Number of protein chains: 2
Amino acid sequence: MKDVDDIPALMADIGRRARSAAEVLAMAAPETKVKALEAAADAVWDRREEIMAANEADLAHGRDKGLSDAMMDRLTLSEDRIAGVVEGLRAVAAQEDPVGSVMAEWDMDSGLHIRRVRTPLGVIGVIYESRPNVTADAGALCLKSGNAVILRGGSESFHSSQAIHACLVAGLEAAGLPADAIQLVPTRERAAVQEMLTMTNTIDVIVPRGGKGLVALVQREARVPVFAHLEGIVHIYIDKEADPQKALDVVLNAKTRRTGICGAAECLLIHRDALDTVGQGVVRALLDREVEVRADETLQAIAGTQAATEEDWGREYLDSVIAARVVEDIDAAIAHIRRYGSQHTDCIITEDDAAAARFFARLDSAIMMRNASTQFADGGEFGMGAEIGIATGKLHARGPVGAMQLTSFKYLVEGDGTVRR
Amino acid sequence: MKDVDDIPALMADIGRRARSAAEVLAMAAPETKVKALEAAADAVWDRREEIMAANEADLAHGRDKGLSDAMMDRLTLSEDRIAGVVEGLRAVAAQEDPVGSVMAEWDMDSGLHIRRVRTPLGVIGVIYESRPNVTADAGALCLKSGNAVILRGGSESFHSSQAIHACLVAGLEAAGLPADAIQLVPTRERAAVQEMLTMTNTIDVIVPRGGKGLVALVQREARVPVFAHLEGIVHIYIDKEADPQKALDVVLNAKTRRTGICGAAECLLIHRDALDTVGQGVVRALLDREVEVRADETLQAIAGTQAATEEDWGREYLDSVIAARVVEDIDAAIAHIRRYGSQHTDCIITEDDAAAARFFARLDSAIMMRNASTQFADGGEFGMGAEIGIATGKLHARGPVGAMQLTSFKYLVEGDGTVRR
């Protein structure tokens, strides 16, 4: 079923309108953006019945399509979750405005005074799965950072996203900002995504947020720069010098608090000298919590574990499953993570500062942790307000992508008739 | 004439070796890198006769090919210029090492201590024109920032670049670092450039430095991320409130100090109310310095000017030529620059703070100047030591690209058995 005839023409028009809106938005006063975000939050709450009705249409369609329970859960908008969306919008409104802030300033002997100030990037394309709340988070963060945004949500959340998007537009209009500053692609056709990936004249950066299929498509087809966002194949290494209680607390929280988020632990590496003192207890505690433990040969001695296969290393379960393996030493743990990790978030449990320093220096994940749950891999927990996602690439943005990571900078240089010798 | 049979295989091998070297280099101690740079500087000076002999071969070849005087000049390495190369290497050695430096650190209520520290990017590809000194600058900056680099210099400087590259390798070896950390593509074939642009597994970012042809090729073909580097179509706007002496000093310096660099002024915009008081004097002074002034209708009244055509707006002359036009007001100047500029460097001459603020806010060039010569658009003049070039894109690097801009970052997060609620 084609709902739009000429997708390239549609997308080109959306791109042009976004570019125009971006010029206005880049110069919008902080208080104007706050007003738009607050008005959007009000609109979401006022129209919650409408949004839930739209969501019901998506859910009915999802049931017909036979979506998994996990997908249906992500898709569902209850009044509580809508309250969460409203709260998120207000939190972004309350954040400091990054645009125009002075990152550094200094004087040169030549007489120049140089300031480096934050600027918006321009137009951001966000491609995401069927989580309707991302419509609000991504729209809000782009607005806060002075960028126009083109949102393309998952097709299963089409109606819910449209209903939330209408509230964002109402907010923009209440503040006198161009409605085109936050556009939602009005088609479910996959071709629209393909089109976005090549709109180099009108989109400055693409933020993809989704599963392996989307990431692969983006890596293959994108001509627009991308903030890479790979899976979170999160490892926890229990060092020889691990504290048993900390290991237990951290691993259980990292695996079981929420299994479906990208910071959830997926693989446990245990130093062989810590196996009896710490490792066995941790594995048993995981089994007690009904986590399926896919274990290497040594750990299979623990009753209740299952045998891991080669496919279990480097796998993102997003479920109540963990791979587990005994390693010879810290370097073997590092080698395992280099080979199978995704440079998202990795953790060491140790009381040994030298071991922690070695782990931090020899691995290059966006987030490296020590004695802390990997579930903290989240913009909010880093003090950034909301986030669009966790970037696993190394260019421009890395780790949680909040409003600040959606900015660039320029140099403002002042002289007094100053010339170069 | 093909000098290498299988370019894809050659380049793949270079890429793999760069990736391995990058792993070692990322962990190299600051003093080891300093040692390598100092030893490279010594080698360049010790082997200056050899380098000049290699350069002579390039110059002979260039003469046969009928290169322009400007190109021959850029290609030429005198003993003085070699001394400059040596000085550049020592200056980079003396800079602060960016890798591992803490950009920010803070505590969260959850008990986490978070540090954001600089890391190398990995492998950098530098594609540049026939300026043999860039071999040394680019190699040194990548080494300083802990990155492996694949250098591809212009074919006309093939022998000179090889001779300088051999000195950089000698430096690496003296410090016990892998020779593959700085590789020079050993073929003049253009296919090697094309290959680099798609080596997404082994090159993390491409820094192109060259003319329109190269930039167009890179924009069309690159699958590897690129630090965009457009031309410097540099504008100077003489505002209604310009100080006549500052206008004169700045414009003359910006146009005539060196005409061939990217920060040289290419277009002069004059507020109509400043035409008689400031503008005419500036144009006459340019003519006196034998600058060709391509003028709009109004300015053609000044004897000695030539008529500008539409092609003169938005043109990078890199020569003793300037386009000049009268504008109605500051907004007309801004509109002209938005339409014809390249977001490299643009300047306002004014005593009016409000006008300067408007110019700075409404334009988005990497470098915005007030009452200062645009020839200051240079990493050294910004206090960054050397630079690989001036980035005109907005992602990751912008403005002068020095060692710091060649780094990424990661988060180091420490808890004490800390778990997320």
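Chain A can be laid on chain B with an RMSD of 0.0 Å. The move needed is a turn of 180° and a shift of 0.0 Å along the axis. The two copies are thus related as by a two-fold rotation axis. This is a predicted model. In general, two copies of a chain are related by a rotation about an axis and a shift along it.

Which residue of chain A comes closest to the rotation axis? That residue is His396(A), with its C-alpha at 2.0 Å. The copies also meet through the same surface, because 100% of the interface residues of chain A are interface residues in chain B too.

## Chain A as a whole

Chain A has 13 helices and 16 strands. Its C-alpha trace spans about 70 × 65 × 35 Å along the principal axes. With 421 residues, a compact globule would have a radius of gyration near 22 Å. Chain A has 24 Å, which agrees.

Buried residues make up 55% of the 421 residues in chain A. Now take the contacts in chain A between residues at least 6 apart in sequence. Of these, 74% join residues at least 24 apart.

Helix α5 of chain A covers residues 79-94, which is 16 residues. From first C-alpha to last, α5 reaches 23 Å. That is close to the 22 Å expected at 1.5 Å a residue.

Which residues of α5(A) are buried? They are Ile82(A), Val85(A), Val86(A), Gly88(A), Leu89(A), Val92(A) and Ala93(A). Seen down the helix axis, the buried residues of α5(A) fall within an arc of 155°, so they line one face of the helix. On the other side, Asp80(A), Glu87(A) and Ala94(A) are exposed.

What do the buried residues of α5(A) pack against? Their partners in chain A are α2 (30-46), α3 (48-65), α6 (132-144) and α7 (158-174).

## A sheet built from both chains

Strands of a sheet pair through backbone hydrogen bonds, either parallel or antiparallel. Here 10 strands form an open sheet with mixed pairing. The order is β1(A)-β2(A)-β16(A)-β13(B)-β12(B)-β7(B)-β8(B)-β11(B)-β9(B)-β10(B). The edge strands are β1 (102-107) of chain A and β10 (306-307) of chain B. Each of these edge strands pairs on one side only.

Look at the chain A end of the sheet. Five bridges join β1(A) to β2(A), residues 113-120. These two strands run antiparallel. In β2(A), His113(A) is the bridge partner of Asp107(A).

Note on methods
Residues are numbered from 1 along each chain as its sequence is written. Chains are lettered from A and ligands numbered from 1 in the order in which they are written. This is a predicted model: local features need pLDDT of at least 70, side-chain atom pairs count only at pLDDT 80 or more; totals for chains, interfaces and linings use all residues. Helices (H or I, at least four residues) and strands (E, at least two) are DSSP runs, numbered from the N terminus. The radius of gyration is taken over C-alpha atoms; the globule rule is 2.2 Å times the number of residues to the power 0.38. A residue is buried if 20 or more other C-beta atoms lie within 10 Å of its own, exposed if 12 or fewer, and partly exposed in between; C-beta atoms are placed from the backbone. Two residues are in contact if their C-beta atoms, placed from the backbone, lie within 7 Å. The expected span of a helix is 1.5 Å times one less than its number of residues. The arc is that of the directions from the helix axis to the C-beta atoms. Copies are superposed by least squares on the C-alpha atoms of residues with pLDDT of at least 70 in both. Two strands pair if DSSP finds at least two bridges between them.
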